[in-house]
Amino acid sequence: MATVLLIVVVMQADGLLSPCTAYELRSKYATIIYDNPEDLRRYNKELYLAGRLRSQVRQYKTDTVEQEVVAKIDVITEKAMRVLDMYPRPLNYSIKILPGRDEVAHAFKEIYNVNVDYIAFYSPRLNRVFYSSNNGRLRVTCHEIGHVVVENYFKISPPQRIHELMAQYVEKHIND
């Protein structure tokens, strides 16, 4: 696993081009994107795993923050699939780690044109989870990954309330 530094050129409203940087990590299931290494460190610190989940992460090489985040995401994804007894193949999704709640709300507004106060959300259209780096707790992370598994398992997406119930089920049983 290698960290890739992406330099993207964005056209601004005034027609000028502006370079932006982003980092990308690849896990077995997810492409993890973040703009600032400090956001990844903060997210990793918030994403505390205990018990069996922690033991599973220790089976990976986790010498760096990047390796640890990749291991945690893979372990959580695999546990979410076991909890739901749903194994979508292949499962490939992306994660965008943003600095905070305001940036998550802004991302939701850009995609859905609706104002929200979310700390995280899953966009089925993009097959991407958005997390705020300072709210990356296990329950939040596994809830959104539960949405990923459900959405990628069914050929036709279940109704929103059923989707939410299954994500809550993952959240509730992640440490079983």
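This is a predicted model: local features need pLDDT of at least 70, side-chain atom pairs count only at pLDDT 80 or more; totals for chains, interfaces and linings use all residues.
Colleague: Is Ser27 buried or exposed?
Modeller: Ser27 sits in the loop that runs between β2 (17-26) and β3 (30-34), and its relative accessible area is 15%. Since the cut-off for a buried residue is under 20% relative accessible area, the class that applies to Ser27 is buried.

Colleague: At what distance does the polar contact join the side chains of Ser27 and Asp74?
Modeller: The side chain of Ser27 also reaches the backbone nitrogen of Tyr29, at 3.1 Å, and that distance should be kept apart from the one asked for here. For the side chains of Ser27 and Asp74, the polar contact has a length of 2.8 Å.

Colleague: Which residues does Gln56 touch, not counting those up to four places away in sequence?
Modeller: Gln56 belongs to helix α2 (residues 51-58) and counts as partly exposed, with 25% relative accessibility. Its C-alpha atom is separated by 6.7 Å from that of Val75, which is 19 residues away along the chain. Once residues up to four places away in sequence are set aside, Gln56 touches Val75 and Arg82.

Colleague: How many salt bridges does the structure hold?
Modeller: One of them pairs Glu24 with Arg26, with 2.9 Å between the closest N and O atoms; here Glu24 counts as buried at 11% relative accessibility, whereas Arg26 is exposed at 52%. For the structure as a whole, the number of salt bridges is nine.

Colleague: What separates Lys72 and Glu68 along helix α3?
Modeller: These two residues form a salt bridge whose closest N and O atoms are 3.2 Å apart, with Lys72 counting as buried at 6% relative accessibility and Glu68 as partly exposed at 25%. Because they are four residues apart in helix α3 (residues 65-84), the separation between Lys72 and Glu68 is about one helical turn.

Colleague: Which residue forms a salt bridge with Arg139?
Modeller: Arg139 is partly exposed, with a relative accessible area of 48%. In its salt bridge the closest N and O atoms are 3.2 Å apart, and the partner is Glu171. This pair links distant parts of the chain, since Arg139 lies in helix α5 (residues 138-153) while helix α6 (residues 160-173), 32 residues on, holds Glu171.

Colleague: Which element gives the most to the largest nonpolar core?
Modeller: That core has 41 residues, and those with the most contacts inside it are Ile32, Ile73, Tyr93 and Ile95. With 10 residues, the element that gives the most to this core is α3.

Colleague: How many residues make up the other core, which lies apart from it?
Modeller: In the largest core, Ile95 is one of the residues with the most contacts, and its partners beyond four places in sequence include Ile32, Ile73 and Val129. The other core lies apart from that one and has Ala107, Phe108, Val116 and Phe130 among its members, its residues numbering eight.

Terms used
Residues are numbered from 1 along each chain as its sequence is written. Side-chain values use heavy atoms; hydrogens and water are left out. Helices (H or I, at least four residues) and strands (E, at least two) are DSSP runs, numbered from the N terminus. Buried means under 20% relative accessible area, exposed over 50%, partly exposed in between (1.4 Å probe, protein chains only). A polar contact is a pair of N or O atoms within 3.5 Å; within protein, one must be able to donate a hydrogen and the other to accept it, and residues adjacent in sequence count only if both atoms are side-chain atoms. Contact means heavy atoms within 4.5 Å. A salt bridge is a side-chain nitrogen of Lys or Arg within 4 Å of a carboxyl oxygen of Asp or Glu. A nonpolar core is a set of buried Ala, Val, Leu, Ile, Met, Phe, Trp, Tyr and Cys residues joined through side-chain atoms within 4.5 Å.
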